[in-house]
Structure formats: structure tokens, C-alpha cells
Amino acid sequence: MPTALRLLPALSPDHRERLMSLAREVSFPADGKIFEAGGTADRFWVVRSGTVSLHQRVVGERRISVATLGPGDLLGWSWLFPPHHWDFGAEAFSPVRAYEFDAAEVRTLCDQDPALELSLTRTIAAILAHRLETTRAALIEHYARHGGGGVR
């Protein structure tokens with residue numbers, strides 16, 4: 001499987017600078033919930049340090065970890081696509097420092113700069129394609145180990 005694409009290095013220096021002008025530094029404690037599936041996706045993050053676990057609820061209330069994100073990784077993409085609700089949940093696995101971006105501000109910046117919007121959208125699409133593969137692999141592995149959990 002190819003290596004995950006990193007959002008900030010994939011942007012041109014000008015686009016990266018424009019996006020970073022909207023960043024604010026935040027932190028999350030270990031085991032801290034960052035967001036839950038179904039919640040309003042009004043922001044996103046680029047992880048600076050620490051690790052984040054993405055999880056999906058399956059078969060009732062059971063959660064499966066589908067990805068672990070680390071430094072340089074994009075956390076959150078649902079802000080880009082209506083209805084702007086999280087598809088996964090995210091939790092800090094260790095103390096996390098990140099750049100946080102307000103989704104409405106970024107969408108406004110993109111409206112003002114179509115080239116930035118195209119670059120951002122293409123980069124996030126490539127990240128999503130990679131995440132889809134890793135999520136699919138995690139779910140297949142889980143169900144192979146646990147005999148499908150009775151789901152058909």
C-alpha cells in the first residue's frame with residue numbers, strides 16, 4: 001500500500017502559507033475524545049505530534065480502530081462535503097498537538113482562491129483514497145479474526 005500523502009507538504013508554498021494563516025495551535029490529552037461520528041464537522045486538524053485513533057462503530061456499540069494518525073496527518077475531512085457530519089470518531093491515543101482550522105474560514109478562503117480550492121480538494125481526495133484502503137483492510141482483518149461477528 002502506498003505511503004499516506006501529507007496535506008501541508010503537498011500544497012504549493014503560497015497555498016500552504018495562505019492556509020496556515022488560518023491555523024491555531026491546539027492540544028488534546030491522551031484518551032481525550034476529539035470528535036464522534038455523526039457530530040458536526042466544523043473544523044479539521046493537521047497533527048503536529050502524538051497519535052490519534054480513528055474508529056468506526058459496528059454491530060451495536062462496538063468500536064473498531066480503523067486507522068492511527070501521526071505527525072503530518074490530516075485529521076478530519078467531513079468539513080469539506082455536505083452535510084458536514086463526521087463519518088468516524090477520533091480519540092487522542094497519546095497527548096496530541098495539532099494545527100486546527102475553522103472549516104467555514106477555509107471554505108471562504110477557497111471561494112476567494114479557486115486554485116487553492118482545487119489543490120486542497122485534490123490533495124484531500126488522494127488522502128481519502130488512501131484512508132479508504134486502510135479502513136477496508138482494517139475491517140477485513142477484524143472480521144477475518146472474529147469470524148464476521150454474525151454480520152451478513
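A: With a relative accessible area of 12%, Asp-113 is buried, because the cut-off for that class is under 20%. Asp-113 forms a salt bridge with Arg-18, and the closest N and O atoms are 2.5 Å apart. Arg-18 belongs to helix H2 (residues 13–20), while Asp-113 lies in the loop between helix H3 (103–112) and helix H4 (114–145), so this pair ties together parts that are 95 residues apart in sequence. Arg-18 counts as partly exposed, at 27% relative accessibility. The model is a predicted one, and it holds 6 salt bridges.

Another of these pairs is Glu-100 with Arg-43, where the closest N and O atoms are 3.2 Å apart. Glu-100 is in strand E8 (residues 96–102) and Arg-43 in strand E3 (residues 43–49), so the pair ties together parts 57 residues apart in sequence. Glu-100 is buried, its relative accessible area being 6%, whereas Arg-43 is partly exposed at 25%. Both residues also belong to a network of salt bridges that links Arg-24, Asp-42, Arg-43 and Glu-100.

A further salt bridge joins Arg-6 to Asp-73, with 2.3 Å between the closest N and O atoms. This pair links distant parts of the chain: Arg-6 is in the segment before helix H1 (7–10), and Asp-73 is in the loop between E5 and E6, 67 residues apart. Asp-73 counts as buried at 7% relative accessibility, and Arg-6 is partly exposed with a relative accessible area of 30%. As background, side chains of opposite charge can pair when their charged atoms come close.

Strand E5 also takes part in a sheet. That open sheet is formed by 4 strands in the order E2-E7-E4-E5, with antiparallel pairing. Its edge strands are E2 (33–35) and E5 (62–69), each of which pairs on one side only. On average, neighbouring strands of this sheet are turned by 30 degrees against each other, direction ignored. E2 and E7 pair in the antiparallel sense over 2 bridges, and Phe-35 stands opposite Ala-90 in E7.

Ser-53 gives a side-chain contact of another kind. Ser-53 lies in strand E4 (residues 52–58) and is buried, with a relative accessible area of 15%. Its side chain makes a polar contact with the side chain of Ser-65, at 3.1 Å. Leaving out residues up to four places away in sequence, Ser-53 touches Ser-65, Ala-67, Gly-89, Ala-90 and Glu-91.

Definitions and conventions
Residues numbered from 1 in each chain as written. Predicted model: local features only at pLDDT ≥ 70, side-chain atom pairs only at ≥ 80, totals over all residues. Heavy atoms only, no water. Buried < 20%, exposed > 50% of the residue type's maximum accessible area, 1.4 Å probe, protein only. Polar contact = N/O pair within 3.5 Å; in protein donor to acceptor, adjacent residues only side chain to side chain. Contact = heavy atoms within 4.5 Å. Pairing = 2+ DSSP bridges. Axes fitted to C-alpha atoms, helices over the stretch in contact; angles between N-to-C directions. Salt bridge = Lys/Arg side-chain N within 4 Å of Asp/Glu carboxyl O.
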